[in-house]
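Subject: Structure for your files

Hello,

Here is the structure I said I would pass on. My notes on it follow below.

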Amino acid sequence: MPTVKFVKEKVTVEAKDGEDLRTVARRNGVQLYSGPHKIVNCMGMGTCCSCNVIIQSGQQNCSPRGVLERLWKWLNPLLGLKMLSNADKEVRLACQTKVHGNVEVETHPAINWHGEQFWN
Ligand code: FES
């Protein structure tokens with residue numbers, strides 16, 4: 001059974017094989033959303049991009065990016081900035097990321113304005 005470690009929250013929980021990170025977080029009381037998105041979000045449909053996280057380790061245990069995630073990288077400026085400024089990290093939408101093994105997840109990733117990758 002995969003384990004998911006939410007690094008900032010210092011919580012390690014078990015997940016079912018193939019379960020998405022949003023479901024795992026919600027079941028265990030981990031808040032993925034910020035500000036108004038705590039109330040208004042797409043409820044896991046993959047359209048609001050507010051559930052973005054960084055997979056710190058175990059990327060190989062996650063499902064590959066789907067069409068929605070690849071599309072939003074270009075259509076959602078905020079998500080695009082997070083992905084661009086954290087180019088050396090794996091920014092994913094929790095609701096679209098299924099786990100098949102152990103992963104470490106950082107919730108609420110910030111835009112890394114000073115990262116080496118950002119202005120290149
Ligand atoms: S909950 Fe809206 S994109 Fe994940």
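Helices (H or I, at least four residues) and strands (E, at least two) are taken as DSSP runs and numbered from the N terminus. This is a predicted model, in which local features need pLDDT of at least 70 and side-chain atom pairs count only at pLDDT 80 or more, while totals for chains, interfaces and linings use all residues. Residues are numbered from 1 along each chain as its sequence is written.

Overall

The protein chain has 3 helices and 7 strands, which run β-β-β-α-β-α-α-β-β-β from the N terminus on. Its C-alpha trace spans about 40 × 30 × 25 Å along the principal axes. The radius of gyration, taken over C-alpha atoms, is compared with a globule rule of 2.2 Å times the number of residues to the power 0.38. For 120 residues a compact globule would come out near 14 Å, and the protein chain, at 13 Å, agrees with that.

Burial is counted on C-beta atoms placed from the backbone: a residue is buried with 20 or more other C-beta atoms within 10 Å of its own, exposed with 12 or fewer, and partly exposed in between. Of the 120 residues in the protein chain, 31% are buried. Two residues are in contact if their C-beta atoms, again placed from the backbone, lie within 7 Å. Among contacts in the protein chain with a separation of 6 or more, 72% are between residues 24 or more positions apart.

The sheet

Two strands are said to pair if DSSP finds at least two bridges between them. An open sheet is formed by 5 strands in the order β2-β1-β7-β4-β5, with mixed pairing. The edges are β2 (11-14) and β5 (90-93); each has a single partner strand, so one side of each has no neighbour in the sheet. From one strand to the next the twist averages 35°; for such angles, axes are lines fitted to C-alpha atoms (for helices over the stretch in contact), and the values run from 0 to 180 degrees between N-to-C directions.

Going through the pairs in sheet order:

- β2 and β1 are antiparallel, with 4 bridges, and Lys5 stands opposite Thr12 in β2. The two strands form a hairpin with 4 residues between them, and Lys10 in the turn has a positive phi of about 55°.
- β1 and β7 are parallel, with 3 bridges; Phe6 has Val105 in β7 as its bridge partner.
- β7 (residues 103-107) and β4 (residues 52-57) are antiparallel and joined by 4 bridges. Val105 in β7 is also the bridge partner of Ile55.
- β4 and β5 are antiparallel, also with 4 bridges, and Asn52 stands opposite Leu93 in β5.

In β1, Val4 and Phe6 make up the covered face, and Thr3 and Lys5 the uncovered one. In β5, Glu90 and Arg92 point one way and Val91 and Leu93 the other, yet all are buried.

Val4

Val4 sits in strand β1 (residues 3-6). Why does Val4 count as buried? Because 23 other C-beta atoms lie within 10 Å. Beyond its neighbours within four places in sequence, Val4 is in contact with Val13, Ala15, Leu21, Val24, Val99, Val103 and Val105. Its C-alpha atom is separated by 11 Å from that of Lys98, which is 94 residues away along the chain.

Helices α2 and α3

Helix α2 (residues 67-75) and helix α3 (residues 77-85) pack at about 95°, with axes 6 Å apart. The pair is therefore roughly perpendicular (65 to 115 degrees; under 35 counts as roughly parallel, over 145 as roughly antiparallel, and the rest as oblique). Trp72, Lys73 and Trp74 in α2 meet Leu79, Gly80 and Met83 in α3. Lys82, Met83 and Ser85 are buried in α3, and the buried residues of α3 pack against β4, α2 and β5.

Positive phi outside glycine

Met43, in the loop between α1 (21-27) and β4, has phi near 60°. With 10 C-beta neighbours inside 10 Å, Met43 is exposed. His108, in the segment after β7, has a positive phi of about 50°; with 13 other C-beta atoms within 10 Å, His108 is partly exposed.

Regards
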